[in-house]
Amino acid sequence: MTKQTSHNRRFIMAKNLIILLVVLVVGLLAVWSWFTVNKHVEANTINVKAAYPNEIGLAEVDYDADGVDQGPKTFTGELNFNTDVTLTKDCTGDGETLIVPSFSVIKDKDTATKKGREVSIGGAWEEALSQVEAEKIKNVDPEAKVEPRYIEYQFYARSQTKNIYLTAGSYLSASDEHLTGANIPQGKNSSYGSFSSDSIVGAVRVALLAQGAYVEQSYNSGVATTTQLSFSNANNTVNYQRHLSCLWLPRPDIRMNVSNTGLTTDWTLTRNITFSGSTPTAPTDLDELNNDFTYFHSFCKPAAAGTNKSPAYQAKWGTNSTQYAINKKEGVAVQKKLAGDDEHFVVTSKSTVSANNYPTFGKDFVVSDVSESDNLRVSNLRKAANVPGSETNYYVYKYTLRIWLEGEDSESRRAMDGGQFRLHLEFR
């Protein structure tokens, strides 16, 4: 005789099926996160150049075995950071504070597909890590699940005047500027639409942080050794603090167009966008993607100073006498901010070089304007490393260069698939 399934058992089976269905839907939603999963972006060239090497000099930082700054190496006219850093996740911030926010649960798959995961305004956040910090943690604990969210390099610049400018000819270019059309290089087609994965350049942000310094150097066969390094004035009454001097939106000329169909394969890319207004005005909706909006920087930041709570990870490195730690920061509400071109440190590329099909910085911008500049003491440094007795007075600054993929930008959500870019910074 066939045994009948009881009503209660059928109810339990149905309930379990519902639970499985919910788990499946949540799994699908996770695929369309704010962070693009299992993708990567590479900065294959970072070039920093002095437009007038006789007046401006650039030097790499001389780090000791523990990663402590010993001062600048020999000043020269050009630096090349040939990075092998691969970014697989994006982050958000104003250049000075870069974070990974928490996210709201989106129950609607169509919304998740079109917009990605939404930041939980008022939620917790974690501090984003640079490749330097991630590597130090990995050196101590190879199993630590940390990865770089942004690229960071430091270098010194010296000038015979107090002002150092990032010049109009600076630019960020894709590894191949055929971002749309029939000439997209093989292997560069995005899986989200008819555009190149190098379109990630639209989501790239560049920040420079400046700090005044005093330096004394000696030379041996043209190689400089720093004999004194100070970040304060002569009588130690003023400490030179690091300040954000420039946050640059290098590629406002492209825009990713979100599809209204709900599909993930028919997004489109608009090129050669120019600013249509005299003064940028904030859109009524942060998701409004019009021409002017590409000239804004939308980002998330902590609403208040962070506090260290029980960290998800804590790593230490260095000598027994010098220990360094990186902690996860939580519990501070996130707020969303929209910075326009009228912000004193937020600048966008304005000049389009048609021959190369990418915009340049378009104007000279002071990146040495730190609050202690009036108190910055002069360093007497050799003008040419191989010419004894050619000392000249220079003003010296230490720069921190940061490059990241802004998660609040739609290009980071759909173009991030093997994209590559080149950054060229020129100083005078």
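Hi everyone, let's start with Phe 365, which is buried at a relative accessible area of 14%, because buried means under 20% relative accessible area, with exposed over 50% and partly exposed in between, using a 1.4 Å probe and protein chains only. Before going on, this is a predicted model, where local features need pLDDT of at least 70, side-chain atom pairs count only at pLDDT 80 or more, and totals for chains, interfaces and linings use all residues. Residues are numbered from 1 along each chain as its sequence is written, and side-chain values use heavy atoms, leaving out hydrogens and water.

Now, the rings. The structure has nine aromatic pairs; rings of Phe, Tyr and Trp (its six-membered ring) pair if their centres lie within 6.5 Å, and planes under 30 degrees apart are stacked, over 60 edge-to-face, the rest tilted. Phe 365 pairs edge-to-face with Phe 361, at 6.4 Å centre to centre and 85° between the planes. Both Phe 361 and Phe 365 are buried.

Tyr 397 and Tyr 399 have ring centres 6.3 Å apart and planes at 45°, so that pair is tilted. Tyr 397 is buried at 0% relative accessibility, and Tyr 399 is buried at 0% too.

The chain's mean pLDDT is 78, and 71% of its residues reach 70 or more. Over residues 19–33, though, pLDDT stays under 50, and likewise over residues 284–290. Where pLDDT is low, the predicted coordinates should not be read in detail. Thanks, everyone!

Terms used: pLDDT is the predictor's confidence in each residue, from 0 to 100. Contact means heavy atoms within 4.5 Å.
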